[in-house]
Amino acid sequence: MRRPLRTAAVAVLLALALTGCDVMQRISEGAYRNAVADGTVAELDRRGIAMDRRPDCRLDEPLTDATVMIRCTGHTAAGARVAVYGETERADTRRPREEYEIRVDGRAPIRTTCLGVSCGTAR
């Protein structure tokens, strides 16, 4: 039930980004970066991995109007490097396809199609 809310947020982000309004685009991009950063902390916390603080997330240049890419970096409380790579395809539709990968020093990557505080345990 929470997934539609997260998906709607991505759709709003991209709809606003496509309008050309610089202020709204910056606000929307910031909201998306915050959602992914918070989602990374929540996902790692569910797996017993504490972050020292929220990761720093940046959007890559879009491949197309329908594709959004994000990268985040940070560290765990124990000092391990954390890297997050995300891509949303069909972002300009009602059913975007999201994929995220979290890498923590020396561990197999965590892959998910839902990364956000609103994801909960529903995948």
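Which residue in strand 3 is the bridge partner of His-75? In this predicted model, the partner turns out to be Arg-81. That pair is a handy place to start, and the rest of the fold can be built up around it.

First, the overall layout. The chain contains two helices and five strands, and reading from the N terminus the elements go α-α-β-β-β-β-β. So much for the parts list; next comes the way the strands line up. The five of them make an open sheet in the order 1-2-3-4-5, with antiparallel pairing. At the edges sit strand 1 (56–59) and strand 5 (110–112), each of which pairs on one side only. On average, neighbouring strands in this sheet are turned by 15 degrees against each other, ignoring direction. As a bit of background, the strands of a sheet are held in pairs through backbone hydrogen bonds, and the pairing can be either parallel or antiparallel.

Now for a walk across the sheet. Strand 1 pairs with strand 2 (residues 68–75) in the antiparallel sense, over four bridges. Here Cys-57 has Cys-72 of strand 2 as its bridge partner. Moving on, strand 2 and strand 3 (residues 81–89) run antiparallel and are joined by eight bridges. This is where His-75 and Arg-81 meet as bridge partners. Strands 2 and 3 form a hairpin with five residues between the strands, and in that hairpin Gly-79 takes a positive phi near 95 degrees. Strand 3 is also joined to strand 4 (residues 97–104), again by eight bridges and again antiparallel. Across this pairing, Tyr-85 stands opposite Glu-101 of strand 4.

What about the chain as a whole? Of its 123 residues, 38% are buried. Looking at contacts between residues at least 6 apart in sequence, 41% join residues at least 24 apart.

Finally, a word on confidence. The pLDDT averages 79 over the chain, and 71% of the residues score at least 70.

Technical notes:
Residues numbered from 1 in each chain as written. Predicted model: local features only at pLDDT ≥ 70, side-chain atom pairs only at ≥ 80, totals over all residues. Heavy atoms only, no water. Pairing = 2+ DSSP bridges. Axes fitted to C-alpha atoms, helices over the stretch in contact; angles between N-to-C directions. pLDDT = per-residue confidence, 0-100. Buried < 20%, exposed > 50% of the residue type's maximum accessible area, 1.4 Å probe, protein only. Contact = heavy atoms within 4.5 Å.
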